[in-house]
Amino acid sequence: MTMRKTNGKDPAPVAKPAGRGVKDIAPTRLAQLNAGEPAATLTECLAVDFAALMRAAAPQVGAQGLALMQAQAGAGISRRMALAARILLDGPGPQALAAMRAHASDTVRGWACFMVGALPGVSVAQRLDLIRPLADDPHFGVREWAWLAVRPHLAADLETAVKRLRPWTKEPSERLRRFASESLRPRGVWCAHIGALKADPAIALPLLDPLRADPAAYVQDSVANWLNDASKDQPDWVRQVCARWLAGNPAAATERICKRALRSIGA
């Protein structure tokens, strides 16, 4: 199961062969997911009943909050993630963040991501500190929610975001290095575009240059996708960056990044 954009916002499942959809998950497994066990696949992530999981993970949430969550069961998953975070902040409050961030359920940790994104009066630096353990989460889904949840705040203060994320490009964890690139992709996936980076992608060079020969394919793919995003609006700039990176004796990782970066426009 993979996901694709719908109106640039919420992800929607792409059809797969019979026997692999949400409806095919066994009732016993679905009950486990709704009780707080982690999801093993994207299909399982999409199958979670948020109201049931919230009742199990945050019983202090009142009936009104649970009813609101249940009423939005048919909404897009990104919208429901943000709503769950708002219910938690309005009910148990910010003090519930630590428990949500440490929960066994990847969906609940995803709610924690959106709680970080929705906290009022928090600076970019503080928000990045709070999201850091979630950006480095072992679960693929939580890592995606992490950058999606704080991206609007990063986009609103690009200068600070780039400055604060640059040290992340040197982190031992490939997950954190990837976050430095993925969180500020000009077009991104399931999220609003960043107009300033579409107009002037060079703003992000302090993040991209240190990652141009990253040994991890996970990071390489993100950097390549970043440049491919930029190529839709600034193709000549992307060609120039790749030409500079490929000059001399480039690393194999750099060659791979540039090949993927130029896939929509060619050299």
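**The largest pocket and its surroundings**

The largest pocket is lined by 20 residues, and F114, L148, P152, W190 and C191 lie nearest its centre. A pocket here is an open set of points on a 1 Å grid over the protein atoms alone, with protein on both sides within 12 Å along at least five of seven lines; lining residues have an atom within 4 Å of a point. This is a predicted model, in which local features need pLDDT of at least 70 and side-chain atom pairs count only at pLDDT 80 or more, while totals for chains, interfaces and linings use all residues. Residues are numbered from 1 along each chain as its sequence is written, and side-chain values use heavy atoms, with hydrogens and water left out.

The volume of the largest pocket is about 360 Å³, a volume being the space filled by probe spheres set on grid points that are joined across faces, edges and corners. Helix α9 (140-156) gives the largest share of the lining, six residues. At least two residues each come from α5 (77-90), α7 and α9. Helices are DSSP runs of H or I with at least four residues, strands are runs of E with at least two, and both are numbered from the N terminus. By type, the lining of the largest pocket has 13 nonpolar, three polar and four charged residues. Ala, Val, Leu, Ile, Met, Phe, Trp, Tyr, Cys and Pro count as nonpolar, Asp, Glu, Lys and Arg as charged, and the others, Gly among them, as polar.

F114 sits in helix α7 (residues 106-118). F114 counts as buried because its relative accessibility is 13%, where buried means under 20% relative accessible area, exposed over 50%, and partly exposed in between (1.4 Å probe, protein chains only). Beyond its neighbours within four places in sequence, F114 is in contact (heavy atoms within 4.5 Å) with S78, M81, A82, A85, W145 and A149. F114 and L148 are 34 residues apart along the chain, and their C-alpha atoms are separated by 8.3 Å.

The model also has one cavity of 30 Å³ or more, a cavity being a set of points where a 1.4 Å probe fits but cannot get out. Its lining consists of A135, R143, R175, R178, F179 and Y218. Three of these lining residues, the largest share, come from helix α11 (residues 174-182). The lining of this cavity divides into three nonpolar, no polar and three charged residues.

For the chain as a whole, 50% of the 267 residues count as buried. Its C-alpha trace spans about 60 × 45 × 30 Å along the principal axes.
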